[in-house]
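Please go through this structure with me. My notes follow as numbered points.

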Amino acid sequence: MSEAVPPWAVVILPIALVSVAVVTVGFDAVLSAAAVRGRPGSLRELGFRAAAPLREVLRLLVQPSRRTTAADTALGRIGVVLVPVAAVLAGAVLPLGFRSLSDPTVGIVWFNAMEALAWAAVWLTGWGPNSALSLIGGYRFLAQGLAYELPHMFAITTAALGAESLQVGEVVAAQDGLWFAVWMPVAFFVYLLSAMAMSFWGPFGHPLGRDAAGGAAMELSGVDRLVFLGGRWLLMVVTAGVSVPLFLGGGHGPLLPAWAWTLVKTALVLAALVAGRRLLPTLRMERYTEFAWLVLVPATLLQALVVAVVVLNR
Amino acid sequence: MSEDIVFWVLAVLAVAAGVMVFRFDSMARATYALLLSLLCVGGEVLLLGLDYLGVVIVLMMTLEMAIMAVFMVMYMMNPAGLMPMSMLHNKKGAAVICVSVFAALASGVLLARWPARRGGPPTDPTMSLGMSLMGPQMLTMVTLGMALFATIVSTVVLATRRGRYDRFGDDLRTRPADDPVPGGGGR
């Protein structure tokens, strides 16, 4: 199904991911500003509000970095850099239309492995500065990971099961007629939840919570902060993007070309995630952990069973 | 040629990171040095053409080491390595054991009469791995799964100080349960 891509696509992929992330951040900033200051008066003001994150980027670029006593700078830096790196590596299997940078036979497992690196990254970022609240943030993310990772794995396994392949291209091909989101709603819903949890964002922003003065990102400043928080947006873009080939039929759709369908669907998923942040309160991890293990794990297992039975009877 | 280069880079990195596990004072650094070593091993497995096993090694080891770091920090003295300490114990005994095991294995490599290769690699190693696990090795995997599960349950039972009488009161009727950290299930 998937076609070969030219070598320059390796350079294009991070640029494309960053562009989508910038647009999403701008959208989020417009919503934030509208919630605080009311509707924008003019188109110019709207643009000004949407550019707020870019001004923040410039500010962070020139901000002098803050140091803490006896920090483990090496580990902290590795953690910070690992967040965007993991996101881009996970994006390698992300198809635009029917083309992805690489479509290995175990693409879904690869995606899962790369996002697992983000687990380690946030803990390392929290550990690095030798600061109590920052470390608490790191530990919170590990607890969050224990809650979301298992239902998430079952959800993506279900998609692979429906296509009888771990290859992302094959999963897209299997959704030529019916999208997986339609007959695997539980898996899709759990996937969206874990997409937010994985990018520790919105209702799952507890690891960076205000009650811990910013948690894992508390001591980060300047470029470190930019890379870490930017990497978080990249993670969200990639997880939202992968939901399209796994559950929403990838590039399949009438009239529009495949790449356009991919973009439209990704934009809709991202909009849903951004809206989810505004509608849902921050969850404490002990609450989500119990819910995940008692409700989501059995629900995703049942979903996988249903899909397995359907696939066996095909 | 390029495969050889990748092999040697990963191999040297894996061994070097493995050595650093014992050189670092900080438990966090030791754990993540071990993770680096294991990731390189995962890369070597990928190089063998076993895509699924390689990526699963990367996945599982990352998750495992992230959790293990918590326990290393929890149980070891001086977890951040801010004071000098050593991870080495019983140096002489360990050296003797290591040298003799290495000598035994190395002589085994040299002395064994290796069979010539029969057959070729399967076209889809992931598929044949799955068929093997779900076919001839099914009994092994099911037994293993049950044993692991029983271990997890019994470890939790042994480790927890609270039982149902602590949660639900002497007559087991307190609802919701009296937990120090209430969860989200409302039980």
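1. The centres of domain 1 of chain B and domain 2 of chain B, taken over C-alpha atoms, are 32 Å apart. Domain 1 covers 1-82 and domain 2 covers 137-180. These bounds come from an automatic or database domain assignment.

2. A word on the source. This is a predicted model, where local features need pLDDT of at least 70, side-chain atom pairs count only at pLDDT 80 or more, and totals for chains, interfaces and linings use all residues. Residues are numbered from 1 along each chain as its sequence is written, while chains are lettered from A and ligands numbered from 1 in the order in which they are written.

3. Chain A has 12 helices and 0 strands. Helices (H or I, at least four residues) and strands (E, at least two) are DSSP runs, numbered from the N terminus. The radius of gyration of chain A is 20 Å, close to the 20 Å that the globule rule gives for 314 residues, so chain A is as compact as a globular protein of that length. The radius is taken over C-alpha atoms, and the rule is 2.2 Å times the number of residues to the power 0.38.

4. Of the 314 residues of chain A, 52% count as buried. Buried means 20 or more other C-beta atoms within 10 Å of a residue's own, exposed means 12 or fewer, and partly exposed is in between, with C-beta atoms placed from the backbone.

5. Now the core. The largest nonpolar core has 122 residues. Such a core is a set of buried Ala, Val, Leu, Ile, Met, Phe, Trp, Tyr and Cys residues joined through C-beta atoms within 7 Å. Helix α5 (residues 107-127) of chain A gives the largest share, 16 residues.

6. How many residues of chain B are in contact with chain A? The number is 24, and they meet 27 residues of chain A. Contact means C-beta atoms, placed from the backbone, within 7 Å. On this side of chain B, α3(B) supplies the largest share, 13 residues.

7. Check the backbone. Most residues other than glycine have a negative phi, and most peptide bonds are trans. A:Asn130 has a positive phi of about 60 degrees and is partly exposed. B:Leu172 also has a positive phi of about 60 degrees, but counts as exposed. The peptide bond from B:Arg175 to B:Pro176 is cis, with omega near -10 degrees.

Notes: Contact = placed C-beta atoms within 7 Å.
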